[in-house]
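Have the structure open while you read.

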Amino acid sequence: MAIRDVLALLSELERDGIVARYAIGGAVAATRYTSPAATEDVDVFISFADGATSGLDPLRPIYAYLLARGARPEGGHVVIGDWPVQFLPAERPLLAEALHHAVEQDVDGITTRLFTAEHLAAIALQLGRPKDKLRLEQMVREQVLDMKVFGAILERHDLGPKWKDFSRRYLEAP
Amino acid sequence: MSPVDWKSVKRDKDALHARSASRSYGEKLTLLDRMRERTKSIRQGASHSRTAAFKKKTTSGTRKK
């Protein structure tokens, strides 16, 4: 089962009302804008219909739906075919905004949804792990960001100082 | 050891980027599938060699007796 099968199943998950909206983030989404980088899993950000997150385990209906379709749980992931998929509620303001502005992408007849390059870059900056810094550096170097849009996101989420520090450390020539 | 030709490294990287930029998302996803398969088989290979090395070590230990 290839990654296209994961995309198809995600689309069905939303169509059948198990989640209100989903979008792919992380490396799989970044690959839309940059050279592909190897990744271990697919990060899927989700929102639920109003009131549907009141339970202790909001991911339970997603797991039940996917397990009935041949997926299996493994650690914090659900494995669809060969791909571990991680479902993350888009609760923090930046993630909620990224989910709201995510763009549709056609992959050989399957419609999926991806975070924009600018939101991926802002999330990478906010998280700040080594792999996030690499992704952000790659996006800047490959000039895939609309810097005006990116700047507005940074401003809205108070990421300006972090961006200044990142630029000074990793982007300015020594 | 010969010195690194950074100009050629940058040239190769730019060429790779240009090739990558011309690929569709579908093609890039196929590449991700392949990368994952390769990583998996490398890990399995490493795990098999570790098991074989462990078996060799433990059986050679019992043989001595």
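Before the strands, one term: two strands count as paired if DSSP finds at least two bridges between them. Keep in mind that this is a predicted model, with an ipTM of 0.88 and a pTM of 0.85.

Let's start with β4 of chain A, residues 77-80. On one side, β4(A) pairs with β3(A), residues 72-74, in the antiparallel sense over three bridges. β4(A) also pairs with β5(A), residues 83-89, again antiparallel and over three bridges.

| Hairpin | Residues between the strands | Glycine with positive phi | Phi |
|---|---|---|---|
| β3(A) and β4(A) | two residues | A:Gly75 | near 60° |
| β4(A) and β5(A) | two residues | A:Gly81 | about 60° |

As for who faces whom, A:Glu74 sits opposite A:His77 of β4(A), while A:Ile80 has A:Trp83 in β5(A) as its bridge partner.

Now for the contact between the chains. Chain A puts in 15 residues and chain B 13 residues. On the chain B side, the elements giving two or more residues are α1 (6-21) and α2 (25-64), and α2(B) has the largest share with 10 residues. By class, that side of chain B has six nonpolar, four polar and three charged residues.

How confident is the predictor about chain B? The average pLDDT is 79, and 88% of the residues score at least 70.

Note on methods:
Residues are numbered from 1 along each chain as its sequence is written. Chains are lettered from A and ligands numbered from 1 in the order in which they are written. This is a predicted model: local features need pLDDT of at least 70, side-chain atom pairs count only at pLDDT 80 or more; totals for chains, interfaces and linings use all residues. Two residues are in contact if their C-beta atoms, placed from the backbone, lie within 7 Å. Helices (H or I, at least four residues) and strands (E, at least two) are DSSP runs, numbered from the N terminus. Ala, Val, Leu, Ile, Met, Phe, Trp, Tyr, Cys and Pro count as nonpolar, Asp, Glu, Lys and Arg as charged, and the others, Gly among them, as polar. pLDDT is the predictor's confidence in each residue, from 0 to 100. A residue is buried if 20 or more other C-beta atoms lie within 10 Å of its own, exposed if 12 or fewer, and partly exposed in between; C-beta atoms are placed from the backbone.
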